[in-house]
Amino acid sequence: MGDRAYKDSVYGEFARIGKALSSPVRLELLDLLAQGPRAVEHLASSLSQSVANTSRHLGVLRESRLVEHQRQGTTVIYSLPPGVS
């Protein structure tokens, strides 16, 4: 990978993460998940948001690899990836 391509890749990653962190709701979600894994419904209730809206915010965080999810039956549990806290 050339120097320009490498820089473009790195700066692209910084921009992607910056975008994910640009929402107060998403910052609060990260704060809640730093306390431990939570179901989407619990997170939505804690934020006084709808499950659909909370899921959209979690999707942005997931795309940026700032959170991960696991399905347990019909429940989706979100957590921070290993090494992130």
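**One residue and its surroundings**

Reply: Glu-68 is partly exposed, with a relative accessible area of 35%. On this scale, buried is under 20%, exposed is over 50%, and partly exposed is in between, using a 1.4 Å probe and protein chains only. The model is predicted, so local features need pLDDT of at least 70 and side-chain atom pairs pLDDT 80 or more, while totals for chains, interfaces and linings use all residues. Residues are numbered from 1 along each chain as its sequence is written, and side-chain values use heavy atoms, without hydrogens or water.

Glu-68 sits in strand β2, residues 68–72. Strands are DSSP runs of E with at least two residues, helices are runs of H or I with at least four, and both are numbered from the N terminus. Set aside the neighbours within four places in sequence. Glu-68 then contacts Ile-77, Tyr-78, Ser-79, Leu-80, Pro-81 and Pro-82 (contact means heavy atoms within 4.5 Å). Pro-37 is 31 residues from Glu-68 in sequence, yet their C-alpha atoms are 9.6 Å apart in space.

Now the sheet. It is open, has 3 strands in the order β1-β3-β2, and its pairing is antiparallel. Two strands pair if DSSP finds at least two bridges between them. β1 (38–39) and β2 are the edge strands, each pairing on one side only. So Glu-68 belongs to a strand, and that strand is at an edge. β1 is joined to β3 (residues 75–79) by 2 bridges, and these strands run antiparallel. In one of the pairs, Ala-39 has Ile-77 of β3 as its bridge partner. Ile-77 is also one of the contacts of Glu-68.

Arg-65 is exposed, at 54% relative accessible area. Its phi is positive, about 60°, although Arg-65 is not a glycine. Ser-48 is also not a glycine and has a positive phi, of about 55°. Ser-48 is in the loop between α3 and α4, and counts as exposed at 69%.

Next, the helices. α2 (residues 24–34) and α3 (residues 40–47) pack at about 120°, with axes 11 Å apart. Axes are lines fitted to C-alpha atoms, over the stretch in contact for helices, and angles run from 0 to 180 degrees between N-to-C directions. α2 and α3 are therefore oblique to each other. Under 35 degrees is roughly parallel, over 145 roughly antiparallel, 65 to 115 roughly perpendicular, and the rest oblique. From α2, Val-25, Glu-28, Leu-29, Leu-32 and Leu-33 make the contact, and from α3, Leu-43, Ser-46 and Leu-47.

α2 also meets α4 (residues 51–63), with axes that come within 10 Å and cross at roughly 80°. That makes α2 roughly perpendicular to α4. Here Val-25, Arg-26, Leu-29, Leu-30 and Leu-33 of α2 face Thr-54, His-57, Leu-58, Val-60 and Leu-61 of α4.

Last, the whole chain. The protein has 4 helices and 3 strands, in the pattern α-α-β-α-α-β-β. The C-alpha trace spans about 45 × 25 × 20 Å along its principal axes. Of its 85 residues, 34% count as buried. Take contacts between residues at least 6 apart in sequence: 47% of them join residues at least 24 apart.
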